[in-house]
Structures are given as C-alpha cells and as structure tokens.
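The sequence and the structure are shown first.

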Amino acid sequence: MNCEVCQLKELVLEPLEIREVLRCVLHTIVFHRALGLVRPKDVDCELFEITYVHCGDAELDKKIEEKIDQFMIWVEKHPNRKCQVSLSFYEVKNKQPTWFSNRIERLYWEQWYINLHVVTPKTHGKSHHSKVPVNSEVDELKESSSRRAALEDSLREVLFHIIKFVNDKKDHIPPIPNNEVISFPYEITIPR
C-alpha cells in the first residue's frame, strides 16, 4: 500500500499560540479526511483572522485537546525548540495468527507532519520601578504584532497546502470501512 506523506511548512510561534494553531491545523486535516457523516462547524480563531471547519464530533475534539495538552506539557519542559506533531491515518489488518498471539498490523496510508518552532517571547523583566524607555515598549509591540501577522500568513499558507494536498491526493485512500464520522483509525504523535 502506498503511504502519502505531507510535510507542512514550519510555523514559528510562541507558547500562547500553540493551542490555537494546532486546533486549526489538526481539525482542518481531519475534516478533509473524515469520509463519514459529519456535522461541519465553522470555528473562528481567537488569535487570528482565520476560520476553519471541524467535524462537530465531541469524541474527536476530546482526543485532539488531550494531545494538545500533552504537547503543551512537553513544550514547557523543552522551551525554544523545533519539533514536529504528526497525524497518521491507517487501516487495521489481521496478520496470520500464530500459536501465541493474534497479530494486528497497521497499514499507514497517509501521514501529516506539522513542523513547529516554538520560541519564547522576548521580555525585559520590567517592574514598576524600572525606567524602560517608552520607545522600547512600542518597538516590542510592533515586533510582536508583525511576528503574529507573519504567523497568520504562514498558517493560511499551511491551510491552503492541506486543501491542495487532499484535493490532489485521493488515489491512495482505501475503501471506507464504516459510516462513522472518522472512518479510519488515526493517531496523533507528539515529541517525547
């Protein structure tokens, strides 16, 4: 079986932006590969002028949130790192049983790699008594604003890449095994 792989553009973001970015990207991918009956729901990003669609499935939302929570814990322990979150779709096939086990094999048919570079925001440890020039604060706000705008543009590029990929690459998708919202098993992998 042919496994298609999609490497998404690296997104440079701060810890505060991780949750929103991962929700947007993961839900967009899953929505486009949810081949069962879905109840599409538009979601407006809180941090960006971007709207994405998700499946409206509580179980899926819960799984994605759990993985994002795990990733946030990892980021706290490993600040200022480049990392990768992957989303893989697969089929389950029973292999020839042996005397001691019933072996199940995962046949991956699509893998997505979300590349992230998490950076710590610049702070100057200001207190009430320190005399930081106002220009410095204004420059920091401008820099933060322009960095967030660049991230929003990059996130938009990633979303368009996802849509192009799912529209161009369809031949590798196996027959749909059921009518559930998410027809195929999937796994989200975070760094360890």
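Which residues have the most contacts inside the largest nonpolar core?

## Nonpolar core

In this predicted model, the residues with the most contacts inside the largest nonpolar core are L8, L22, V25, F71, L87, W112 and L116. The core has 48 residues. At least two of its residues come from each of β2 (11–13), α1, α2, β5 (81–94), β6 (104–118), α3 (134–168) and β7 (186–189). Helix α1 gives the largest share, nine residues.

For L8, the contacts beyond its neighbours within four places in sequence are V25, I29, W112, Y113, I114, N115, V158, H161 and I162.

## Overall fold

The chain contains seven strands and three helices, in the order β-β-α-β-β-α-β-β-α-β along the sequence. Of its 192 residues, 39% count as buried. The chain exposes about 11900 Å², and 51% of this is supplied by carbon and sulfur atoms.

Of the contacts between residues at least 6 apart in sequence, 76% join residues at least 24 apart.

## Packing of α1 and α2

Helix α1 spans residues 15–33 and helix α2 spans residues 58–77. The two pack at an angle of about 145°, and their axes are 10 Å apart. The crossing of α1 past α2 is right-handed.

On the α1 side, the contact is made by P15, I18, R19, L22, R23, L26, H27 and V30. On the α2 side, the residues are L60, D61, I64, E65, I68, D69, F71, M72 and V75. By class, this contact has eleven nonpolar, five charged and one polar residues.

Note on methods:
Residues are numbered from 1 along each chain as its sequence is written. This is a predicted model: local features need pLDDT of at least 70, side-chain atom pairs count only at pLDDT 80 or more; totals for chains, interfaces and linings use all residues. Side-chain values use heavy atoms; hydrogens and water are left out. Axes are lines fitted to C-alpha atoms, for helices over the stretch in contact, and angles run from 0 to 180 degrees between N-to-C directions. Helices (H or I, at least four residues) and strands (E, at least two) are DSSP runs, numbered from the N terminus. A crossing is left-handed if the near helix is turned anticlockwise from the far one by less than a right angle, and right-handed if clockwise. Contact means heavy atoms within 4.5 Å. Ala, Val, Leu, Ile, Met, Phe, Trp, Tyr, Cys and Pro count as nonpolar, Asp, Glu, Lys and Arg as charged, and the others, Gly among them, as polar. Buried means under 20% relative accessible area, exposed over 50%, partly exposed in between (1.4 Å probe, protein chains only). Accessible areas come from the Shrake-Rupley method with a 1.4 Å probe; for residues, only the protein chains shown count as cover. A nonpolar core is a set of buried Ala, Val, Leu, Ile, Met, Phe, Trp, Tyr and Cys residues joined through side-chain atoms within 4.5 Å.
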